[in-house]
Amino acid sequence: MRTRDQFRKSLLMAGAALALLAPGAQAKSLQVLYDFQDLSDGAYPEAGVIMDKAGNLYGTTLEGGTGNCYEDGGCGTVFKLAPDGTKTILYSFLGGNDGSGPHGLVMDKAGNLYGVTSAGGGTGCFDGYGCGTVFEVAADGTETVLHVFEGGTDGEEPSGGLIMDKKGNLYGTTGDTVFRIGAGGKEKPLHYFSGGDGFEIGPVTLVRDKAGNFYGTTQDGGAYRYGTVFKLSPGGTETVLYSFTGGSDGGGPYAGVIIDASGNLYGTTPYDGDISCDYGEGCGTVFKLAPDGTETTLYTFTDTGVNANPMAGLTMDGAGNLYGTTYGFSAGAVFKLAAGGTEKLLYTFTGGDDGSQPLGGVILDGKGHLYGTTSGGGGGDCNNGFGCGAVFELAR
């Protein structure tokens, strides 16, 4: 069975080759809020964005900035995008003790931002590039490293977003652990995955219920080696709620899940689902998991070049409609899935100035507008002309 990393690399290669072949006819409801211009400006935003009460957007770029990483590609940035389109780099990673390759953000009441870097922070892991960090960026741009991962049961290569409880504790995932960062930056691994209970966690942002239980996914492991949905009690007891079979139910969930008021979980799988896409893999699914463990495939994606391979998680509105993105084998799309299972493509990216291949999900504002990022495309000069990525707004 092909590994999840190999699968994602196949998508990246196919997407780079096909992005400019995406359909040109577009709805006029998408507005590009910002095109990243070059590596010094920040490049390749793989996570989505968050919004404050004033309408400012905050996000990360995986590369770019003033640091010297990735063959002079920069070590990544944390940015702010004001409602008038003014973009500010709040922090540019240097690739040393401060980390490199930032992902996902959460904001506290004081406006401080928290996230993870997938590398840097020390001399361990990745041939000495470090195992990753948890960081804080204050409103004035001051960065503080809260924790440096050391590998092993401490974890390494975090790539998902963080969540925060009322006491200010942070919770997140590395490739094989769920962790908590308490006051003063003290880290405690809550669970270490060993294979049968799940293995290889992607860029998963955990979700928490009212009782304090955490929910997430693993890309691999479980009963059939196609990944799991798991529950983790506040005390660290892990339960596999569902093991994917790699058939019509999908396989290898790359992102996390969301939860509704009744305790149902919703998520995506990037491949399988009985509809064949390139490389012999399926095109992916949207699934629902009831509290009793019953799994329902709400939608199976079809290979139309764009309507395939959802890599990100979902957002739900008050009516129960689900929203997400597909990475596709060309430029990707934004979709809506009605409560009854009817899918509608809200926008299909062209791979040009509007962006290409969203890896992050979307958020909703009070007016029902969607906001997100594309990992490539846009009007900037990166990746041999394929662009540096973009931030977009989509009116439904």
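I shall speak about charged side chains and then about nonpolar cores.

This is a predicted model, in which local features need pLDDT of at least 70, side-chain atom pairs count only at pLDDT 80 or more, and totals for chains, interfaces and linings use all residues. Residues are numbered from 1 along each chain as its sequence is written, and side-chain values use heavy atoms, with hydrogens and water left out.

Let me start with the salt bridges. A salt bridge here is a side-chain nitrogen of Lys or Arg within 4 Å of a carboxyl oxygen of Asp or Glu. By this rule there are three salt bridges.

One of them joins aspartate 41 to lysine 87, at 2.6 Å from N to O. This pair links distant parts of the chain, 46 residues apart: aspartate 41 is in the loop between strand E1 (30–35) and strand E2 (50–51), while lysine 87 is in strand E5 (residues 87–92). Strands (E, at least two residues) are DSSP runs, numbered from the N terminus. For burial, I take under 20% relative accessible area as buried, over 50% as exposed and in between as partly exposed, with a 1.4 Å probe and protein chains only. Aspartate 41 is buried because its relative accessible area is 12%, and lysine 87, at 15%, is buried as well.

Next, aspartate 165 pairs with arginine 208, their closest N and O atoms being 3.9 Å apart. Aspartate 165 counts as buried at 15%, whereas arginine 208 is partly exposed at 32%.

In a further salt bridge, aspartate 220 meets arginine 225 at 2.8 Å, N to O. Aspartate 220 is buried, with a relative accessible area of 5%, and arginine 225 is partly exposed at 45%.

I turn now to the nonpolar cores. Such a core is a set of buried Ala, Val, Leu, Ile, Met, Phe, Trp, Tyr and Cys residues joined through side-chain atoms within 4.5 Å. The largest has 13 residues, and Val286, Phe301, Leu314, Leu322, Phe335 and Leu337 have the most contacts inside it. A second, separate core has twelve residues, including Tyr34, Phe79, Cys382 and Val391.

How values were computed
Helices (H or I, at least four residues) and strands (E, at least two) are DSSP runs, numbered from the N terminus.
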